[in-house]
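Subject: Structure handover

Hello,

Please find the structure below, followed by notes on what came out of it.

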There are 2 protein chains.
Amino acid sequence: MTAAQPGSSLPGSSLPGPELPGPIDPPTRLLMGPGPVSAYPSVLRAMSAPLVGQYDPFMTASMTETQELYRQVWGTANEATMLVDGTSRAGIEAAIVSLVRPGERVLVPVFGRFGLLLAEIAERAMAEVHTIEVPWGQVVPVSTIDEAIRRVRPTLLALVQGDTSTTMNQPLDEVGALCAQHGVLFYSDATASLGGNPFEADAWGLDAATAGLQKCLGGPSGSAPITLSERAVEVVRSRKRVEAGIREPDDPEASDYVRSNYFDLGMILDYWGPRRLNHHTEATSMLYAARECARVILAEGRDAVVERHRLAGDAMLAGVRGLGLEVFGDVAHKMHNVVAVEIPEGVPGDAARAAMLTDFGIEIGTSFGPLHGRVWRIGTMGYNAREDAVLTTLAALEAVLRRFGRAVPPGGGTEAAADVFRGA
Amino acid sequence: MTAAQPGSSLPGSSLPGPELPGPIDPPTRLLMGPGPVSAYPSVLRAMSAPLVGQYDPFMTASMTETQELYRQVWGTANEATMLVDGTSRAGIEAAIVSLVRPGERVLVPVFGRFGLLLAEIAERAMAEVHTIEVPWGQVVPVSTIDEAIRRVRPTLLALVQGDTSTTMNQPLDEVGALCAQHGVLFYSDATASLGGNPFEADAWGLDAATAGLQKCLGGPSGSAPITLSERAVEVVRSRKRVEAGIREPDDPEASDYVRSNYFDLGMILDYWGPRRLNHHTEATSMLYAARECARVILAEGRDAVVERHRLAGDAMLAGVRGLGLEVFGDVAHKMHNVVAVEIPEGVPGDAARAAMLTDFGIEIGTSFGPLHGRVWRIGTMGYNAREDAVLTTLAALEAVLRRFGRAVPPGGGTEAAADVFRGA
């Protein structure tokens, strides 16, 4: 066999040249599902900025700026605040495989699909995984977590903050002290919640937290902000092994090194740190996006953005109730940025969602597991935590419900939501 | 401890609000290093396209289109052709951890840093790793690979195609037949070479191949194209385990499941396949970028793009020689898209690179390991495999060399390169 010559026909091609698709040209969508959501326009613009080299002074300065911006977003002084190049679950896996050695115990309180994911990832990392579960639609009482920590004595507690599968927002503020008391590392997956709900990495005693851009941070999926406490960094450093090819004679080579190269936070730290030791090639455009997400949020004010999410979430909740719909779960513990709406009897859930998308250009979400076919999930997050987005969605939903034969109070949704925005 | 209230001061913040940096605004750079390189302008534009939902018909159609485009780029009919969300080494790790079970043998011929990386990743995946090495600047003779396969009898042969650390382009065209003969899976990392040098996944008998966008494909780092043969897919399917939370009662649960969730190609296949089973949330903007990279290449013609890289590479080679510089390594096996130039005696390598960047806005590369301080690496790839980029770089290099006291033939670089472009 020899190399194909220039001009030879392409093997395996079923798409002839002339039928090459055109440049990407997406339809206009208002994304009001559980995420991904429409990005802030300035985030989209940031991604079309030209590339620079990975050790260009502009690049390393942008990385440093991004770290400082995310310290503010997370509410932390952690030096080890950076990005993992991948989607939100890349951040989760990096945290878990770097903090937990095979055979060590991980405790995962489960209150929805993403708790199951943390357990799954820890199991694949060969941890001894213990779960405690509450019914979907509830959060886990702190006393239950306390009891389980005493019983299991885990190395790591892995706890989702906001689980979009159920819309619940797990209180974290008392958990860090419990973990500290028992010498347990405390990790939280804040993918669905960060930026739209309070999060205080230092005040709550987090040792590790990860997120994604595609929810309340208002960017595209593909970059995972992460922050690590000094205690977490010590664990990571103790397992340090610099890869062959760039290892120096005096670099340590721990025998219990992380069983992933890509997710080895020790090497990722060296890349983001003063040594700037080559690991991956930082995803420049995603870095620009992540930087702009944080910048937009901090320019508005981190707490003001959370408050905007609270207001939009309250308005959407009032709106769907104003349409006579029921809401799933313990509303007192609902995240600001998503609501699970019971699909009313007689309305075909998927057909109604399709009508929202096709006829109004508005996306609302379906659901997973026990809630599949039972609830829609409607989000109000990031750029779309806005009055016009909320009212437009409710107006469209009213029209669609009526089309499918559901009697709804005319204007009941938009009026109730507008009242919330007016502070009535 | 309680949650911070809206309006409370930000803990851990060392960057006061008023000093928030502005929108990203990179300096103009001509990136002529070993990658990342300047992206095609249309790729940058594609990334600023609005987001759509992850199951939007437009999104799934764009994923399907992207798969078909990459089949043509790879030269394959493989159904299992898709993207891994992460940088190029995410694709490498996904291929290796999904194809190799702990304890299985992996053979890695090493001819530069990235062979060491494949060995490192396989070792972390708990494979029994065997390497064969040749000196930097050479490729591995096929007879040596043949001998090693017979001796080691590996499950997988992992072989870099183009190693930017040495600029060598390992011939692959006879290796697939050897692997097939011995029942060995054949994987190649084509990160540095794909798009700029011939690559024929099917004709060469590849079972798996991965790349990144940031080299000859002319996009940003952050998405890893991958293609898998039917034989590779069988291995992946035999290890299938659908994650908890979305697992159906009749889903298999292999006991030898992949020890990573994020890199489990079985689940990634289900996400890209007709089942569209949720795994990660596809990085929409990076998908747009990857799609546009392939589209630009196929619109010009895949083989025409390779030829453009050959021409630009030949011109750069002639140009640096025209400046009286020596080139490292076996030039007969050099990749089209990068050349290693011996730093001339008396010229401070890093200061000269800095002058290129600061005074001319042109980036050329440093090097790793045994070549560090000895060669610069100059790339001509993707969008920058162009006459004006080559001539501009050579003109700047001439000026910088002269500034550092090196006697160079006036116009010797640009004239030699222009001759190549003129076919003289």
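The lining of the largest cavity is made up of 10 nonpolar, two polar and nine charged residues. Here Ala, Val, Leu, Ile, Met, Phe, Trp, Tyr, Cys and Pro count as nonpolar, Asp, Glu, Lys and Arg as charged, and the others, Gly among them, as polar.

This is a predicted model, in which local features need pLDDT of at least 70 and side-chain atom pairs count only at pLDDT 80 or more, while totals for chains, interfaces and linings use all residues. Residues are numbered from 1 along each chain as its sequence is written, chains are lettered from A and ligands numbered from 1 in the order in which they are written, and side-chain values use heavy atoms, with hydrogens and water left out.

Cavities

The volume of the largest cavity is about 230 Å³. It is lined by 21 residues, and R124(A), R259(A), R124(B), M126(B) and R259(B) are the closest to its centre. The elements giving two or more residues to this lining are α3 (88-99) of chain A and α3 (88-99) of chain B; helices are DSSP runs of H or I with at least four residues, strands are runs of E with at least two, and both are numbered from the N terminus. Over the whole structure, the search finds three cavities of 30 Å³ or more. A cavity is a set of points, on a 1 Å grid over the protein atoms alone, where a 1.4 Å probe fits but cannot get out, and lining residues have an atom within 4 Å of a point. Grid points are joined across faces, edges and corners, and a volume is the space filled by probe spheres set on the points.

Relation of the two chains

Cysteines

There are zero disulfides over all chains, a disulfide being a pair of cysteine sulfur atoms within 2.5 Å. For C216(A), the closest cysteine sulfur is that of C293(A) at 11 Å, which is too far for a bond. C216(A) is buried, at 0% relative accessible area; buried means under 20%, exposed over 50%, and partly exposed in between, with a 1.4 Å probe and protein chains only.

Single residues

G413(B) sits in helix α13 (residues 412-421) of chain B and is buried at 0% relative accessibility. Beyond its neighbours within four places in sequence, G413(B) contacts G319(B), G322(B), L323(B) and L394(B).

S62(A), in helix α2 (residues 57-74) of chain A, is buried at 2%. Not counting residues up to four places away in sequence, S62(A) touches L287(A), R291(A) and I24(B).

Backbone

The peptide bond from G35(A) to P36(A) is cis, with omega near 5°, and the one from G35(B) to P36(B) is cis with omega near 0°. Positive phi in a residue other than glycine occurs at R153(B), near 50°, and at R276(B), about 50°. R153(B) is partly exposed at 48%, whereas R276(B) is buried at 17%.

Regards

How values were computed:
Contact = heavy atoms within 4.5 Å. 1 Å grid on protein atoms, 1.4 Å probe; cavity = no way out; pocket = protein on both sides within 12 Å on 5 of 7 lines; lining within 4 Å.
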